[in-house]
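Hello,

Here is the structure I promised to pass on to you. Please open it next to this email, and I will walk you through what turned up.

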Amino acid sequence: MATPDQELVPLLDKDGVRLTVDDTLATVTLVNPAKRNAQSPAMWRALAEAGRLVPGSVRVVVLRGEGKSFSAGLDRQMFTPEGIEGEPSFIDLARGDDAELDAAIAGFQEGFTWWRRNDVVSIAAVQGHAIGAGFQLALACDLRVVADDVQFAMRETSLGLVPDLTGTHPLVSLVGYGRAVEICLTGRFVHAEEAVSTGLANIAVPVQDLDDTVRELATAILAAPREAVIETKALLRGAGDRTYDAQRAAERAAQARRLRDMAGLGE
């Protein structure tokens, strides 16, 4: 089966990340299957750049990984004293002062933060291993469609680290505090059935159906008017931080904007 971005000219193709755009649909593909799409600072910078390059006309962004694994997590060379050529090792990072270390980690996180912005809906298509940084990248998206062979795991704590690539907030929001603690502290695998039952994934399908299912979901989202999608996503994103009455007020304000726009009375 042809991959979604196979015949399109990439807007970005570097450091294991490819971005293609087909009208209102963008696809970000991790393209280092030989290393199970292992992640590095260069990949994180490329993911952040992909977010900046997505045209304003795009409404849905699909995130996928080539090969048998979505992403097996950090490139293990980052744990060695020499690290990855051209990149600071963990030891080098640890030698910096607090401000330098904070700035470095904040820079890494930029590749994970743009997926939930209100003007796009992001869908992660996840097969095989999604471990550590791979798990967190899938969690960065609004929706997750998984293959029946998926294996999520948060291994950072087992390695003496903490999950620091923006994954802890969505994980707790999706599965609750107690299950999130258990998943992170044990580092165990979460398979497809549990992922769906706990809310980590929206749907699980046979691996051969993954691309088609994601395309169908993207098509269904694109069928709704763009501004209504944006307003609805903003309402839902903010709901957890509002009281019931504050959410009611936000709904009224959003609906008033939509009605005025539909009547041609918007600002």
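Arg36 is found in the loop between β3 (25–30) and α1 (41–53), where helices (H or I, at least four residues) and strands (E, at least two) are DSSP runs, numbered from the N terminus. Before going on, please note that this is a predicted model, in which local features need pLDDT of at least 70, side-chain atom pairs count only at pLDDT 80 or more, and totals for chains, interfaces and linings use all residues. Residues are numbered from 1 along each chain as its sequence is written, and side-chain values use heavy atoms, with hydrogens and water left out.

Arg36 has a phi near 55°, which is a positive value in a residue other than glycine. Asn37 lies in the loop between β3 and α1 as well, and its phi is also positive, at about 55°, although Asn37 is not a glycine. For background, most residues other than glycine have a negative phi.

Next comes helix α1. This helix has 13 residues and reaches 18 Å from its first C-alpha to its last, close to the 18 Å expected at 1.5 Å a residue; the expected span is 1.5 Å times one less than the number of residues. Its buried residues include Pro41, Met43, Trp44 and Leu47. What covers the buried residues of α1 includes the strands β1 (12–14), β2 (17–22) and β3, along with the helices α3 (98–113) and α4, where contact means heavy atoms within 4.5 Å.

Trp44 leads us to the aromatic rings. A search of the whole structure finds five aromatic pairs. Rings of Phe, Tyr and Trp (its six-membered ring) pair if their centres lie within 6.5 Å; planes under 30 degrees apart count as stacked, over 60 as edge-to-face and the rest as tilted. The rings of Trp44 and Phe112 have centres 6.3 Å apart and planes at 65°, so this pair is edge-to-face. It links distant parts of the chain, with Trp44 in helix α1 and Phe112 in helix α3, 68 residues apart. Trp44 is buried at 3% relative accessibility, and Phe112 is buried at 2%. Together with Phe108, Trp44 and Phe112 form one aromatic cluster.

What about Asp142? Its place is in the loop between α4 (133–139) and β7 (143–147), and it is buried, with a relative accessible area of 19%. The side chain of Asp142 makes a polar contact with the side chain of Lys233 (2.6 Å), and a polar atom of that Asp142 side chain lies 2.9 Å from the backbone nitrogen of Ser122. A polar contact is a pair of N or O atoms within 3.5 Å; within protein, one must be able to donate a hydrogen and the other to accept it, and residues adjacent in sequence count only if both atoms are side-chain atoms. Not counting residues up to four places away in sequence, Asp142 also touches others, among them Trp115, Arg116 and Val120.

Finally, the cysteines. The structure holds zero disulfides, a disulfide being a pair of cysteine sulfur atoms within 2.5 Å. For Cys141, the nearest cysteine sulfur is that of Cys184, 18 Å away.

Best wishes

Methods: Buried < 20%, exposed > 50% of the residue type's maximum accessible area, 1.4 Å probe, protein only.
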